[in-house]
Amino acid sequence: MPPLSARRLSLTLLLLAAVLVLTLGLCSSFGSSGYTLLDLLGAGPGGADGEPGGGAALAATMILRLRLPRLLMASIAGAALASTGAVFQAILRNPLADPYILGISGGAALGAFAATAAGLTALLPLLPVRAVAAFLGAALTVALIVALSSVRGRLASYPMLLVGVVTNTVYLAVILFIQTLVEMSRLRGLQLWMVGSIPTESYSTLAPLGALVLAGVAAMVLLGRDLNLMCAGEEAARSLGASVGRARIAAIILASLVTAAVVSVAGPIGFVGLIVPHAARLLFGPDHRLLVPASALCGAIFLSVADTAARTALAPTEIPVGVITALLGGPFFLWLYRSQRGSSYFE
C-alpha cells in the first residue's frame, strides 16, 4: 500500500461516500410496492396504480417516509459497528475482536432490555434511558474482558473469545429470566429487536443518533496514530511516545458509547464489526487514520444492502437483518480463526 497522504485519504473517503449515496438511492427503489425513484420524480410508470407519470405522492410516502429512514438507520448502525470493530481489533490486538463476539453488544442489549423491562423508559420518556443503560452494559463488559484477559499486565488475545462466549451466554440467560418475570405487554417488539433488526425511525430520531455516531467515529479517527502504534505492541508504542493507557481508555469509552447507541435502537446485530474491517483493511491498508472512517462507510454500505435483502428476499415476510449477518459472519469467523491460529496478525 502507498503511504497515507491527505490526497489519498480525501479521495478514498469521497469515493466511498459517493458509493454510499448511490447504494442508498438504489436500495430505496426496492420494495414490494414496486415504487422506485423514477416514480418519486413523476417519470416512472406509477407503481401500483399503473397510471403513467402518476404515483408520485404514494412514491414519496413509500420512499421518503418508510424506505429511506430505514436505510439511513441501517447506514448509521453499519457505520457504528464496523468502525468500533476496527478499533476493538486494534486496542485488543485480536483479529477476531468484534462488539458482538466479545459480548459487548450483548452487554449493551442486556442494559437496554433491563431498563425497558423495569419500566424506566416509560417512566422517563424524555431521557435517553435505554441508551444510557446500554452504554453502562457495554462499558462494564469491556472492563470485565480486559480484567479477565490480562496475563502479567498484558492482554492475551484468545482468552477474550472465551470470555465473550461465556458473557454472551450469561447475558442471554439473564434476558430470558427477565422475560419470565415481566409482563409481555412491556416487552412487545423486543423479541425481534433481540435478534437484531433495523427499525423505521423518524428523522427526528435519526438526526441525533447519526450526529452521535459521526462524532464518535471522528473522535476515534483522531486516535488513529495511537491505534497504529498499539498494533505493534504496548512496549513499542510507549517507546514511540504513545500514551497507551490513556489512548486505550479513550478508545474503549468511545467505541462502547457508539456501540451502545446503535444497539439500544437496532439490537445486537452481529459480525458487521468482524467482516467489514477486514475487508476494508485488505482494500485500503492497515493505517487506522484511513481504516476507521473507511470501515464506517463500508459498514454503512454493507448493512444497507443486507437490510434491503432482508426486507425484500421473502416479501412480504421480513427476515431480521441479524440473521443475514450471522449467516455471513459465522463461516467468516471460523475461517478467520483457523487462518490466524498461531500467527501474529498485527506484526
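**View 1. D307 and R70 meet in a salt bridge.** In this predicted model, the closest N and O atoms of D307 and R70 are 2.7 Å apart. A salt bridge here is a side-chain nitrogen of Lys or Arg within 4 Å of a carboxyl oxygen of Asp or Glu. D307 sits in helix α14 and R70 in helix α3 (residues 56-91), so the pair links parts of the chain 237 residues apart. Helices are DSSP runs of H or I with at least four residues, numbered from the N terminus. D307 and R70 are buried. Buried means under 20% relative accessible area, exposed means over 50%, and partly exposed is in between (1.4 Å probe, protein chains only).

**View 2. R70 also has a salt bridge with E318.** Here the closest N and O atoms are 3.0 Å apart. Because E318 lies in the loop between α14 and α15 (321-340) and R70 in helix α3, the pair ties together parts that are 248 residues apart in sequence. E318 counts as partly exposed because its relative accessibility is 42%, while R70 is at 9% and so counts as buried.

View 3. D226 has a relative accessible area of 18%, so D226 is buried; R225, at 47%, counts as partly exposed. Back at R70, salt bridges with shared partners join R70, D307 and E318 into one network. The structure holds four salt bridges.

**View 4. Helix α1 packs against helix α14.** Two packed helices are described by the angle between their axes and the distance between the axes. For α1 (residues 6-27) and α14 (residues 288-312), the angle is about 10° and the axes are 10 Å apart. That makes α1 roughly parallel to α14 (angles under 35 degrees count as roughly parallel). Axes are lines fitted to C-alpha atoms over the stretch in contact, and angles run from 0 to 180 degrees between N-to-C directions.

**View 5. L123 is exposed.** L123 is found in helix α5 (residues 120-123), and its relative accessibility of 62% is why L123 counts as exposed.

**Notes.** Residues are numbered from 1 along each chain as its sequence is written. Local features need pLDDT of at least 70, side-chain atom pairs count only at pLDDT 80 or more, totals for chains, interfaces and linings use all residues, and side-chain values use heavy atoms, with hydrogens and water left out.

Conventions:
Helices (H or I, at least four residues) and strands (E, at least two) are DSSP runs, numbered from the N terminus. Angles under 35 degrees count as roughly parallel, over 145 as roughly antiparallel, 65 to 115 as roughly perpendicular and the rest as oblique.
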